[in-house]
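Please keep the structure at hand while reading.

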Amino acid sequence: MSSVTRIRSATGGARGGRIALLGTGVVGSAVVARYRQLVERGVPLPPFAWLSNSRAQVANDGSLDEAIARAHAAPRQSGAVPPWAEGEALARGDIVIDATASDTVADWHAEWLQRGIHVVTANKLGNGGDLARAQAIVDAQREGARYGDSATVGAGLPALRLIRELVAGGDRIHAVEGVLSGSLAWLLSRFDDTRPFSDLVREARDAGYAEPDPRQDLSGEDVRRKLLILARAAGLPLEARDIRVSSLVPDALRDAAPDAVDAQLNTLDKPLRERFVTAYRSDARLCFVGRFDAERGASVGLRALPLSHPLASGHGTENRAAIFSDRYPDRPLVIQGPGAGAQVTAAALLDDVLRIDASAR
């Protein structure tokens, strides 16, 4: 057992706050690995108290690796109360890292904040779900707890933080548009009509760039949630229904049973090829774009952008966001960088932990 995993036990650390991790999958495991690296470099992080998934809550009694193994090996719970919901599990000053995509967990964010428990999240269903929930999260922060959601949009790119800082400084946001899905960015940057689009979808799924059920990416719902988060940060109280979404998923693929999805992926090929050829002939590039405009509404969908467009030159999983405001009315402020991957998401989560911990000293 390494010295690193021993020195940050549930009772260690110089300050009272502790870290509690919810979600032990790909992102949660990357958080633990990143935490270990930072501690090895001498970065002063709060102690790692416990971690939990839908099956169990496991204390860090000396080895994070062993704690994850025990959480993964635990039998599934049949009760309605999640294992992390016990009142004594969290205390004022603790920091919850939500590395899940759970609506149930997101519904606890405001309550934790009201109890003085900080929340750091990659879960978009807090600020990117129901408007009443998002407002409750804002209101709950008046009790003094902090909410770190940098990882919800762009895997930690500073677009969300910059929008909030611009608004706080008196700027007025006119519009934001962006390539906000690393999965769709990767697919469309690779799609050149030399291979069927469905082949690229399978490759992205197998490589972990897309969800096991790629319809979750292709539907545009993930981008809608991210756009909601950005719009609300800019002061527009949008509901999900206010954003028009043009899904890439044909009806046959949408209605397919989970075990029939792969066989229906070929239904993507003809419409995507037609869109590609039309764009190519116009010297344009296909990008899946989310946009909100204070005057013209909000939309998500596939667009053919001229090659000179600030969103059209990304590569791989790169995200790009263009911010138009009183300060940037004609030439937008453009933010770009890696927008997908467990490692960059984990780094964004722990960056928020460090900011919260530093402010609490």
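The elements that cover the buried residues of helix H8 include strand S7 (173-179), helix H9 (197-207), helix H10 (215-218), and strands S9, S10 (297-306) and S11. Contact here means heavy atoms within 4.5 Å, and buried means under 20% relative accessible area, computed with a 1.4 Å probe on protein chains only. Helices (H or I, at least four residues) and strands (E, at least two) are DSSP runs, numbered from the N terminus. Seven of the nine residues of H8 are buried, among them Ala185 and Trp186.

This is a predicted model, in which local features need pLDDT of at least 70, side-chain atom pairs count only at pLDDT 80 or more, and totals for chains, interfaces and linings use all residues. Residues are numbered from 1 along each chain as its sequence is written, and side-chain values use heavy atoms, without hydrogens and water.

The structure holds two cavities of 30 Å³ or more. A cavity is a set of points, on a 1 Å grid over the protein atoms alone, where a 1.4 Å probe fits but cannot get out; lining residues have an atom within 4 Å of a point. A volume is the space filled by probe spheres set on the points, which are joined across faces, edges and corners.

The largest cavity has a volume of about 100 Å³. Of its 15 lining residues, Val179, Ala185, Arg285, Cys287 and Leu311 are the closest to its centre. H8 (182-190), S9 (284-293) and S11 (318-325) each supply at least two lining residues.

The second largest cavity holds about 50 Å³ of space. S11 gives the largest share of its lining, three residues.

Methods
On a 1 Å grid over the protein atoms alone, a cavity is a set of points where a 1.4 Å probe fits but cannot get out, and a pocket is an open set with protein on both sides within 12 Å along at least five of seven lines; lining residues have an atom within 4 Å of a point. Buried means under 20% relative accessible area, exposed over 50%, partly exposed in between (1.4 Å probe, protein chains only).
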